[in-house]
Amino acid sequence: MERLGAGDPRWIGDYRLLGRLGEGGMGRVYLARSQRGRTVAVKAVKNELARQPDFRRRFSQEITAARRVGGTWTAPVLDADTEAETPWVATGYIAGPSLAEVVDDQYGPLPADSVGALASGLTRALRDIHGAGLVHRDLKPSNVLITIDGPRVIDFGIARALDSAVQSAGGLTRTGALVGSPGFMSPEQVRGQHVTPASDIFCLGAVLAYAATGRMPFGTSDSGVHALLFRIAEEEPDLSGLSGQLHDLVSGCLTKDPEKRPGLETLISRTEGELSGTWLPGEVLAQLGRHAVQLLDSEDPDGETQAGGFASAGVTAGPGPSTPPPAAPGPSTPPPSTPQP
């Protein structure tokens, strides 16, 4: 987590900002606390997107839908202001690393039983998301957070709002971003076809292959993004290193024809019971414990200590003051006495 910069607000809505968690195509994400002490992640939308009426309309629709998704396997949407000069959304905070951080930086590829448990949690997260009428559209390792109890999925539905901005901008010229992440996109997304829940199943297969091998199944964009997208649309994945039931599950998800991919209920039945007991290697569990302790140091953004660790956003209540601290100078100050999550 990074300290707040001179240009960062100190409050967004009723939330006191503690530091920066990250930045992406949609905007900047902050660690924050509500007036009642709940730890949250607040995503503030980029100004260039906020100026687009189509984006605001779709963003509001997607936030309304996202509120219907339960918080068992996802980051619950707690609050939002889609009419603010800078639109924002607050979700619960998950004190854990992303799957990308675990595989790339901390541990490496996960053992088969951990990947099976990961599949179990992610299929249930997708069931909740699809049940709310949403398609994630950007399921990738950095949008999967790792906790002791299982994986959590973030940013569901957000990519659809970004999609409206890309279309109204005529492509990449104004947003500068693909809707989806190269290497974890479905063939339908690559071809610009209608995206259905089956697209998330394909992305799930790519995420599981990455978790088990440390590699993207269609390679990297070192030879160019267009070459990578061609391989996704036309070539078979590299599933070397996978075997048995895990190989069959991933291979089925990565079928080119969306109509021939397994449905979520089939995947859930095939992963039933995988997520039980200790599902992570000991080294990863130890890192989760260290981060939980570090989070306690993030009380005051102007103090001497700051929590290091993961650029994550999701579900978890954290310690905090029972009343808000005095507002620091910044672009916005909180309104008085509004009920908090």
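What is the order of the six strands in the open sheet? In this predicted model, the order is E1-E2-E3-E4-E6-E5.

## The sheet and its edges

The sheet is open and has six strands. Pairing is antiparallel. Strands of a sheet pair through backbone hydrogen bonds, either parallel or antiparallel.

Two strands form the edges: E1, residues 11-12, and E5, residues 77-81. Each of these edge strands pairs on one side only.

## E4 against E6

In the order, E6 stands between E4 and E5. Strand E4 covers residues 39-45, and strand E6 covers residues 88-92. The E4 and E6 pair is antiparallel and holds five bridges.

Two contacts can be traced residue by residue. Ala41 has Thr91 of E6 as its bridge partner. Ala44 lies opposite Trp88 of E6.

## E5 against E6

E5 and E6 also run antiparallel, joined by four bridges. Among the residues involved, Ala80 has Val89 of E6 as its bridge partner. A hairpin of six residues connects E5 to E6.

## How covered is E6?

Is E6 mostly covered or mostly uncovered? E6 is mostly covered, with five of its five residues buried. Buried here means under 20% relative accessible area. E6 is bridged to E4 and to E5. By contrast, E5 is an edge strand and pairs on one side only.

Notes
Residues are numbered from 1 along each chain as its sequence is written. This is a predicted model: local features need pLDDT of at least 70, side-chain atom pairs count only at pLDDT 80 or more; totals for chains, interfaces and linings use all residues. Side-chain values use heavy atoms; hydrogens and water are left out. Two strands pair if DSSP finds at least two bridges between them. Buried means under 20% relative accessible area, exposed over 50%, partly exposed in between (1.4 Å probe, protein chains only).
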